[in-house]
Amino acid sequence: MPLLEIRGLIKRFIGVTAVDRVDLAVERGELVSLIGPNGSGKTTLFNCVTGYLATDGGRVLFGGRDVTNAPSHSVARLGIARTFQQVSVFPRLSALDNLLVFLQQHQEESFLARLLRSRRLRRLETEAVERARRLLDLVGLGDRATAAAGSLSFGQRKLLAFAAALMPDPELLLLDEPAAAVNPTMINQMKQHILALHRQGKTVLLVEHNMDVVMDISQRIVVLDHGEKIAEGPPDVIRRDARVVEAYFGR
Amino acid sequence: MAADGGALLELRGVVAGYDEVEVLRGVSLAIRTGEIVCIIGANGAGKSTLLRTVFGIVPARTGAIRFAGEEIANRPPTDVLKRGVGYVPQGRCNFPAMSVEENLEMGAYLRRDAQVRRDIAASLERFPMLAAKRRDLAGTLSGGQQQILEMAIALLLRPRLLMVDEPSLGLDPRMVEIVFDTLLAINRDGTTILMVEQNAKKALSVSHRGFVLELGRNRFEGTGRELLDNPDVRHHYLGG
Amino acid sequence: MRRAAACALAAVVVSAPWLVAVVVPRQQRYVLHVLIFTAFFAALALSYDLVVGHVGSLSLAHPAFFGVGAYTAAILATRAGWPFLADVVGAALAAAAVAALVGVPLFRLTEHAFAVGTLGLAVVASIVANNWVDVTRGPLCITGIPKPVLGLSGGPALVITTLPGQYWLALVALGAVVLLYRGLTTFRLGRAFHAVRDNEPLAGAAGINALKYRLLAFTIAAALAGGVGAMYVHYLSVMCPEEMTIGLTVNLLVIVFLGGVGTLRGVLIGAVLFTALPEVLRLAPTWRLVIYGALLLLVVVRSPEGIERLLRRTTPSRVAG
């Protein structure tokens, strides 16, 4: 049974069908990329799957369980993490706190404990902070841990968002253009980290325009155009597919 | 540091930042008329901040910024625009609820001459993909089309220098080609171009010269080819 | 604040009644009265800041919750003979219940509609207070509310009759609110609130149910406002509809935004400044309101983010947020 299964997903806006009966299955542990021209429906698909847009038809199954139109916070708590194309951080919180927010899904501490700042609470907090610092170092933001996220550059916020998605140790990662606006050297590191996640058994579905990234790390590529799936297969096959080349690669 | 009299834009020891954070820590560069120059560097190095400082959005604390021989540091953006510096910010920056044609009209807002109508028509002719969608709302265009629209908007003020922040951001490979071709065409028509790009290899391959910034300071400088071949640059900034 | 300074300040605050007796012996009662009011307003402003500053919802409903609490306590005390502490709790619960009830539909509205919706609630509450004469006695007010009594029924009890006594009681209440405020706005709960405030879609992606957290802050804030309302009526021994007009919101907005929205220090400074100030200005009766308005303008122009921001610029900065 695939970990993520999208069956016949439909999403319409006024005058245009952004997602037109798309079927997409991702097996547990797979690393799949979703590519396609701007406006082909990739981000809309993500938004439908993760509870930001209501679907007009079709179903979404996670581990066999129907999660169609579940609200975003429920989807997150099921173990699905996502990043946003337009970078999303909490601008007034520090980089560190941005990451700590993503550990919400662990149990809430009791009210009294919070008031009295119990020892257990402090220990949990310390562990969380350590994990957050490791992730910040991973994306090269270790020295900006206390800086307000709003003061970081666009690319740095991108990296911060990537680290934040990893914080709750999700089963399925939906990454929307993680490499856009990121320095090529850091992209290499990001590629390595995604591959490491893959080796750990995590499942990754990636939207990307950076062909170096897509071709290098994907096991399978799915191509969308005008809301429809037009091709699917391993990188070698997709690279040579005429329709894909024409719609997407240009020269 | 090329500080000759032929520089169209010149920065000397510019220090700038936001509130308590200092981003540019003494940057100098010079751009000659007719060039395509790109600025590359790690995230947070100050590339976008440099463009914003030249344009007057971010205050310059010290240093000189001269355009066509005149000091423009800390002048308000409308002033900088009127002197002939165009700016296309990072990401989407147009009026999504207005049509393509209306967006172009907004681009020419500061102009009062009779040529405006003709220039808008010429703009649509030059960018056929915009002409095909002239009455569509800008927000319904794809990312790449919006990027082209934004460049067209900036060009309506007939800038001598066009500053573009991350022209290829979020665009699919085909659109990236089209956008860079457009920049080359704009340059051939006589506009000097200063761009910030993370797609460094692509940018350096079309640029006459490049500057590499690191933590707010100059690190490397050279022709596009020189930087592409420089092993240090390749390792740290081009991904090897 | 550094330890020594904090201790000194605490000492001054606690010994205020004696200091006042020494410094302004002829105005004692008046000054203490102002101080008590300041303490109440500070507590009320802190509860308001939970909603406005920490989850970022511009609610205009606070007078309603204050009023519900005040009238509940007044009625419970005068008609049902409930003891002091019980009717304070009852007041808080009543206000919380109203908040929970209206909060669910209100929070589904967009920002502006929400503000107007809460304004509507405040107006309705005010009208009810004025017109439901059978219960609230309308413009005739509920009178004869007994002084606060601390103690178990049947056992030894402490009746708070003196002004200094009322002051210290108000301080204790304020202290409790401060502790609660801090507990709610730090660590995970605080971060969750701030996440909802700063980027609701992203908060959803982090597993935070925005509606639940907004409702939580709203309800707790209402409970605190209701509790303050109860203490207020036991101090004044009278409750009239005028105490819960929407003008109260204006005062709270001034305190919170000019003091420093979302910060404990800012709101406390705002409360002290903007409650004490109009009183101090009574020295210049003709110009009082003009000067007050001018000072407000000055603060807004020079430091739009509140006085707290000014203080932060002069002290070394810590982690933002």
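The model is predicted, and chain A in it has 10 helices and 10 strands. With a radius of gyration of 19 Å, close to the 18 Å that the globule rule gives for 251 residues, chain A is as compact as a globular protein of that length.

**Overall form of chain A**
- Taken along the principal axes, the box filled by the C-alpha atoms of chain A is roughly 65 × 40 × 35 Å.
- Of the 251 residues in chain A, 49% are buried.
- Among the contacts in chain A with a separation of 6 or more, 68% are between residues 24 or more positions apart.

**The open sheet**
- Chain A holds an open sheet of 6 strands in the order 6-7-8-3-9-10, with mixed pairing; strand 6 (80–82) and strand 10 (228–233) are its edge strands, each pairing on one side only, and the twist averages 15° from one strand to the next.
- Within chain A, strand 3 (residues 31–35) and strand 9 (residues 220–225) run parallel and are joined by 4 bridges, and A:I35 stands opposite A:V223 in strand 9.

**The contact between chains A and B**
- The contact takes 27 residues from chain A and 26 residues from chain B.
- On the side of chain B that touches chain A, helix 6 (143–155), helix 7 (173–188) and helix 10 (231–237) of chain B each supply at least two residues, and helix 7 gives the most, with 4 residues.
- By class, that side of chain B has 10 nonpolar, 12 polar and 4 charged residues.

Technical notes: Residues numbered from 1 in each chain as written. Chains lettered and ligands numbered in written order. Predicted model: local features only at pLDDT ≥ 70, side-chain atom pairs only at ≥ 80, totals over all residues. Rg over C-alpha atoms; globule rule 2.2 N^0.38 Å. Buried ≥ 20, exposed ≤ 12 C-beta atoms within 10 Å, placed from the backbone. Contact = placed C-beta atoms within 7 Å. Nonpolar A, V, L, I, M, F, W, Y, C, P; charged D, E, K, R; others polar. Pairing = 2+ DSSP bridges. Axes fitted to C-alpha atoms, helices over the stretch in contact; angles between N-to-C directions.
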